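Dear colleague,

I am passing on the structure we spoke of, with the sequence beside it. Please look it over first; my notes on what was found follow below.

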Amino acid sequence: MKQIIQSVKGARDFYPEDKARHNWLYERVRNVSTRFGYEEWDGPFLEKLELYAAKSGDELAREQAFVFPDRSGEMIMLRTELTPSLARMVAQRQGQLVMPLRWWSYGPFWRYEKPQQGRSREFFQWNIDLVGVNSPEGDAEMIAIAVEFLKSVDLSPSEVLIRVNDRQYMEVHLKSLDIAEDGKLSVFKLIDRYDKMKVEDWDANALELGLSRKQLDGLKTLLADMDGWHRSENLTRIFENLEALGVRDYVVFDPLIVRGIDYYTGMVFECFDVSRKFRSVLGGGHYDNLVADVGGDPLPGVGFAMGDMVIAVVLQDWGKLPVFADTRADVLVTLFDADNAAIAMGLAANMRRQGLRVAVYPQVDKLGKQFKYADRLGARFVTVIGPDEASEGQVTLKDLTAGTQLTIPLDAVAEQISHQLVDEKSS
RNA sequence: GUGGCUGUAGCUCAAUGGCAGAGUGCUUGACUGUGGAUCAAGUUGUUGCGGGUUCGACCCCCGUCAGCCACCCCA
C-alpha cells in the first residue's frame, strides 16, 4: 500500500457523492426552517474556552473538546455545540433584536469522541430556536418543525416517532413522592437510562440513590402511565396545538424522555427510529433562561438540534436515501483533431450561454476514449466535429441514452438538446 | 477513557506456518469517426506500520496506528 498521509481521526472527507447527500439534507433543513419564518444565522467555529466553561456540567469542554492555545496563549475551543454562542450573540444585542427570535443554523461541530456508527469527531448539526417566548404554542411549533422535516425526507410515523414529555409534570409527581429537590437531576438521569438497563440493575441503582421501596414503586407507576399527560395543562395544550398543526400522528407522550441536559425546564422531546436500534435523531426542549451563563436578562425559549450522522443512518436503514446520480454535465464536447478544436470550443461556449452544463474533453484523443469518458461522466449528449461536419458548418450530436445520433447545423444544437431534455421530463 | 472484532491488488474478498490468489476494475485489441453489451490478451502487492518467535510468517506473539462495534457521554 502506498504511503498516504492519513486524515485527522474522525474528520470528514466529502467526496462529490457525499457532498451531494450533504446538500440534499441541507436543502430540506433550509426549506422547512424558512417555511416557518426562521432566519439563518451562524456563530464562529472558534470560541474561547471560557464561554463553554461558564456552563455547568461542562463535560463537553473538559473531556470532549478540541482545545488549544492560540499564538497569544489564549485557550481556544472548536465549538462542540451552538447554544453558548447563541446565548452570547443574543445577550450582546438583547435590546435590539426583535423578539420572539426565530433563528436556525446548520454547520460543523467537533467533539473529541471515539468514532462509531452515527458518530464522528466532526459532524454537522441543525439548530433551531424560538427565543423570547414561553407558551405551549411555541413548544408545539418547535415539534411541528421537526415533524415537517421528517415528512420532507419521506419518513412516516410508522418509521420514526417524536416522544414528548414535560419536566414540570415529572417534577410535580416526583414531589408528591417526596423525592427531594436536590435529588431531582440524578433521578432524571436515572430515568434517561431506563431503557438501557436491566430492571434489577435499574432498581438497585434507584435504591442506591436513596429512594425507598415505596418511592421506587411510585416512580415506576409514573413511568408506566402513558395517559399521564392529561394531568398536565401544558402537555394537553401542546397536543391540542399539534393536532391543529396537522402533525399529531408523529407524536407520542413518553414519560421516559427527560433528557440529560440541565437547562431544559419544561417540555422536552426526542425523535427515535421505531426500531430503537439507533441513537436519537434529534432532540430539544423548552428552557427558562438561555442567557443565564453569559450575563443578560432572563430569556425563555424552545429549540432543538439534529446531527447529520444519525439521520443519515436511519434514512439509509429505511432505504430513504436517494441515489445521487452523477450530475456533472449534460453534454461532452469531443475534440476530433487540432484543426477543428477551436470550432468545438466555440460550440461549447455557445451551449453554456444557453444554460447547458457542458464539459469539453480537454485534449485531442481517440473518439472511443472520449465517448467512454462521456459515459462515465453521466453526460447524456456527445458532440463530434470532424472534417466532414466542419466543411458543412454542422455537428454530429449523439444521445447516449437513446443511442441515436443526427447531424445538424452548429447553431441548432442547443435547441435540439433542450427539446430532448424536455421530452424526457414530460414523458 | 474501557472492552471486542477487523486490516491482503484501485474496490469486494480468498489463502491458517511452506511459490500471495480470485472476481471486479484498469490498459490494449477485435472496432482506421462512436460509449454502455460480448470476446481475447495484458496489468495490478512494503499482506496497515514496527518489533519478536521460527529453517521459513499474510498466518503465531508483543506493541502501535486506523476502521467498525459496544460501553461512557449525548450538551
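Predicted model: local features only at pLDDT ≥ 70, side-chain atom pairs only at ≥ 80, totals over all residues.

Although Arg276 is not a glycine, its phi is positive, at about 60 degrees, and with a relative accessible area of 33% the residue is partly exposed.

A second residue with backbone geometry of this kind is Asp178, which is likewise not a glycine and has a positive phi near 60 degrees. Asp178 is placed in the loop between helix 6 (167-176) and helix 7 (184-192), and because its relative accessibility is 65%, above the 50% cut-off, it counts as exposed. The backbone also holds a cis peptide bond, which joins Met99 to Pro100 and has an omega of about -10 degrees; Pro100 itself belongs to the loop between helix 4 (83-92) and strand 5 (101-110).

Turning to the chain as a whole, chain A contains 15 helices and 16 strands. The domain assignment divides chain A into domain 1, made of 16-43 + 82-317, and domain 2, made of 331-426, and the C-alpha centres of domain 1 and domain 2 are 53 Å apart. The radius of gyration of chain A is 29 Å, whereas a compact globule of 427 residues would have one near 22 Å, and the C-alpha trace spans about 95 × 55 × 50 Å along its principal axes. Of the 427 residues in chain A, 47% are buried, and the chain exposes about 21900 Å², of which carbon and sulfur atoms supply 50%. When contacts between residues at least 6 apart in sequence are considered, 66% of them join residues that are at least 24 apart.

In one of them, the rings of Phe109 and Phe123 have centres 6.1 Å apart and planes at 25 degrees, which is under the 30 degrees required, so the pair counts as stacked. This pair links distant parts of the chain, with Phe109 in strand 5 and Phe123 in strand 6 (residues 122-131), 14 residues apart, and both Phe109 and Phe123 are buried. Another pair is formed by Trp126 and Phe304, whose ring centres are 5.1 Å apart and whose planes stand at 80 degrees, so that this pair is edge-to-face. Because Trp126 lies in strand 6 and Phe304 in strand 11 (residues 301-307), the pair ties together parts that are 178 residues apart in sequence; Trp126 and Phe304 are both buried.

There is also an aromatic cluster, formed by Phe14, Tyr26, Trp104, Tyr106 and Phe124. Phe14, a member of that cluster, has Lys19 lying over its face, at 5.5 Å from the ring centre. A further charge is placed over a ring at Tyr112, where the charged end of Arg121 sits 3.9 Å from the ring centre.

Asp262 is in the loop between strand 8 (251-253) and strand 9, and at 33% relative accessibility it counts as partly exposed.

The other position is Lys48, which lies in strand 2 (residues 46-48) and is partly exposed, with a relative accessible area of 40%. If residues up to four places away in sequence are not counted, Lys48 touches Glu74 and Met75. Lys48 and Asp330, by comparison, are 282 residues apart in sequence, and their C-alpha atoms are 47 Å apart in space.

Notes:
Residues numbered from 1 in each chain as written. Chains lettered and ligands numbered in written order. Heavy atoms only, no water. Helix = DSSP H or I, 4+ residues; strand = E, 2+ residues; numbered from the N terminus. Buried < 20%, exposed > 50% of the residue type's maximum accessible area, 1.4 Å probe, protein only. Phe/Tyr/Trp six-rings, centres within 6.5 Å; stacked < 30°, edge-to-face > 60°. Lys NZ or Arg CZ within 6 Å of the ring centre and 35° of its normal. Domains from an automatic or database assignment. Rg over C-alpha atoms; globule rule 2.2 N^0.38 Å. Contact = heavy atoms within 4.5 Å. Areas by Shrake-Rupley, 256 points an atom, 1.4 Å probe, with all protein chains shown as cover.
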